[in-house]
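Subject: Structure for your files

Hello,

Please find the structure below. My notes on it follow.

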Amino acid sequence: MTLTPPPLSNDCFALPQGVDWTPVDQALALLEERLGPVTSAETVSLSEALGRVLAEDAVALRSNPPQPNTAVDGYGFAGGRPEGTQVLPLQEGRAAAGVPYGGTVPQGHAIRILTGAALPEGVDTVVLEEDVRTDGQSIAFNGPLKQGANTRKAGEDVNAGEVILRRGRVLTPADLALTSATGLNSLVVRQRLRVAVISTGDELVEPGQAARDGQIYDANRPMLLALMQQFGFATVDMGRIQDDRAALAAALDQAAAQADVILTSGGASAGDEDHVSALLRESGAMQEWRIALKPGRPLALGMWQGTPVFGLPGNPVAALVCTLVFARPAMGLLAGAGWSEPQGFEVPAAFSKRKKPGRREYLRARMRSGCAEVFKSEGSGRISGLSWAEGLVELPDGAMDVAPGDPVRFIPFASFCMG
Ligand SMILES: Nc1nc2c(c(=O)[nH]1)N[C@H]1C(S)=C(S)[C@@H](COP(=O)(O)OP(=O)(O)OC[C@H]3O[C@@H](n4cnc5c(N)ncnc54)[C@H](O)[C@@H]3O)O[C@H]1N2
Ligand code: MOO
């Protein structure tokens, strides 16, 4: 079965008329409204399914448990037992997991039964072996014991025919247990979203190469490629492209042919060498989103030959924040996983800060002793702070004076699916 979604429209990134500085929530709402899945479906075995996006609801073929069984090692019989000493004759034979007892246990008799074994005919209650004395002929234990004790009902977890996982679900190891237990050995998932990553800038050199004065090593590309892998996407490494419009156009052509989304970093603002935004503008499908956000104000969103391009700012901190805040939920939609908002937590601040109104701010942060600490500098090129951090503190759009102990919103990197 193939499922081929429609292409995105060329104006999917258009901002409403008259918008200047776009608040973060408005920018996110626009992305959520305009984008949809671009990937097709394929069937994969469970061993290939981890991290993939379900394209169709998964339905249990079999109940879990498939038949009533015992939750403990012990002795099975019919009915509850009142208070006091209980003595029951032992039926010959036993029931074990995978080796059921074929006969019927007569009323008033007990049979040896092991954890996971299907309950034989005539058994609906099990007494724990630790509570029993036996001479091999009979068992004795103290009541009371409720009817059904220590047993599991057929389908008490999942019934055959029930939807176990909804389409759009990003499959976890636990989902594979559920899928396998309910009799499925393959799943219909979406093809991995293919993300091309391009670094731009004359100043960039590859790690390992000699760097002259004025040159710096490319930090964004290894970070973004690794992040895309953590998100479960397939990556296309387009390398570094000089600040040259023709070379960049050629790279975008190639990227659009091989990927569903293109991430560029650098050249996103409106300077003389900001070719990403210039090219996208020329292609007629460029939207320069000036987002009321720190770090990461310039975000160039455009379409290149029908492929969405996220033109991230060059500063590594801004590139990462923009990716986590904007590109990740947008790419989730493109990948068929739906829109997801990162889970944040209100925690006491371990810092002071006076924040100006008019833009949302993200600070590199981590939790220590129950409080959120922030990195010593807000500089957007301080890459060491990204490694130091374990998440972001999100400060709201309005003005805010934060004092130690005040509640702030901490979003762990894991909430953005970043390890
Ligand atoms: N006149 C103005 N200048 C700048 C503004 C502004 O509003 N007015 N905004 C600043 C902010 S904020 C940012 S962020 C940057 C974004 O600019 P670009 O996206 O055009 O990025 P570049 O100028 O190409 O690079 C910025 C910075 O990042 C370094 N960089 C770029 N790519 C990489 C990479 N792959 N690895 C490591 N570092 C990289 C680059 O060398 C620059 O230092 O604009 C500000 N300027
Ligand atoms: O995007 Mo710039 O790095 O806000 O600081």
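**Helix packing**

Helix α3 passes helix α6 in a right-handed crossing; a crossing is right-handed if the near helix is turned clockwise from the far one by less than a right angle, and left-handed if anticlockwise. Before the rest, the conventions: this is a predicted model, in which local features need pLDDT of at least 70 and side-chain atom pairs count only at pLDDT 80 or more, while totals for chains, interfaces and linings use all residues. Residues are numbered from 1 along each chain as its sequence is written, and chains are lettered from A and ligands numbered from 1 in the order in which they are written. Helices (H or I, at least four residues) and strands (E, at least two) are DSSP runs, numbered from the N terminus.

The axes of α3 and α6 come within 10 Å and cross at roughly 20°. Axes here are lines fitted to C-alpha atoms, for helices over the stretch in contact, and angles run from 0 to 180 degrees between N-to-C directions. The two helices α3 and α6 are therefore roughly parallel to each other (under 35 degrees counts as roughly parallel, over 145 as roughly antiparallel, 65 to 115 as roughly perpendicular and the rest as oblique). On the α3 side the contact involves Asn220, Met223, Leu224 and Leu227, which meet Pro316, Ala319, Leu320 and Thr323 in α6; two residues are in contact if their C-beta atoms, placed from the backbone, lie within 7 Å. By class, the contact of α3 with α6 has six nonpolar residues, two polar and no charged. For these classes, Ala, Val, Leu, Ile, Met, Phe, Trp, Tyr, Cys and Pro count as nonpolar, Asp, Glu, Lys and Arg as charged, and the others, Gly among them, as polar.

Helix α6 (residues 316–334) also packs with α1 (residues 24–34): their axes come within 10 Å and cross at roughly 20°. That makes α1 roughly parallel to α6, and the crossing of α1 past α6 is right-handed. Val24, Ala27, Leu28, Leu31 and Glu32 of α1 make the contact with Val325, Phe326, Pro329, Ala330 and Leu333 of α6. Nine of the residues in the contact of α1 with α6 are nonpolar, none is polar and one is charged.

Helices α4 (residues 245–258) and α5 (residues 275–282) have axes that come within 10 Å and cross at roughly 70°. The pair α4 and α5 is therefore roughly perpendicular, with a right-handed crossing. Here Arg245, Leu248, Ala249 and Leu252 in α4 meet His275, Val276, Ala278 and Leu279 in α5. The contact of α4 with α5 divides into six nonpolar residues, one polar and one charged.

**Ligands**

There are 25 residues around ligand 1, of which Asn220, Gly266, Ala268, Pro313 and Gly314 come nearest; a residue is near a molecule or strand if its C-beta atom, placed from the backbone, lies within 6 Å of it. Helices α3 (220–230) and α6 are the elements that give two or more residues to the shell around ligand 1. That shell holds eight nonpolar, 12 polar and five charged residues.

Around ligand 2 are Lys294, Pro295, Gly296, Arg297, Pro313, Asn315, Ala318 and Ser380. Three of the residues in the ligand 2 shell are nonpolar, three polar and two charged.

**Backbone and domains**

Most residues other than glycine have a negative phi, and most peptide bonds are trans. The peptide bond from Lys294 to Pro295 is cis, with omega near -5°, and Pro295 sits in the loop between β19 (286–294) and β20 (298–304). Another cis peptide bond joins Gly143 and Pro144, with omega about 5°; Pro144 belongs to strand β10 (residues 138–145). Asn150, not a glycine, has a positive phi of about 60° and lies in the loop between β10 and β11 (151–152).

The protein chain is divided into domain 1 (21–40 + 191–334), domain 2 (44–50 + 55–64 + 156–190), domain 3 (69–127 + 136–148) and domain 4 (345–416), with bounds from an automatic or database domain assignment. The centres of domain 2 and domain 3, taken over C-alpha atoms, are 34 Å apart.

Regards
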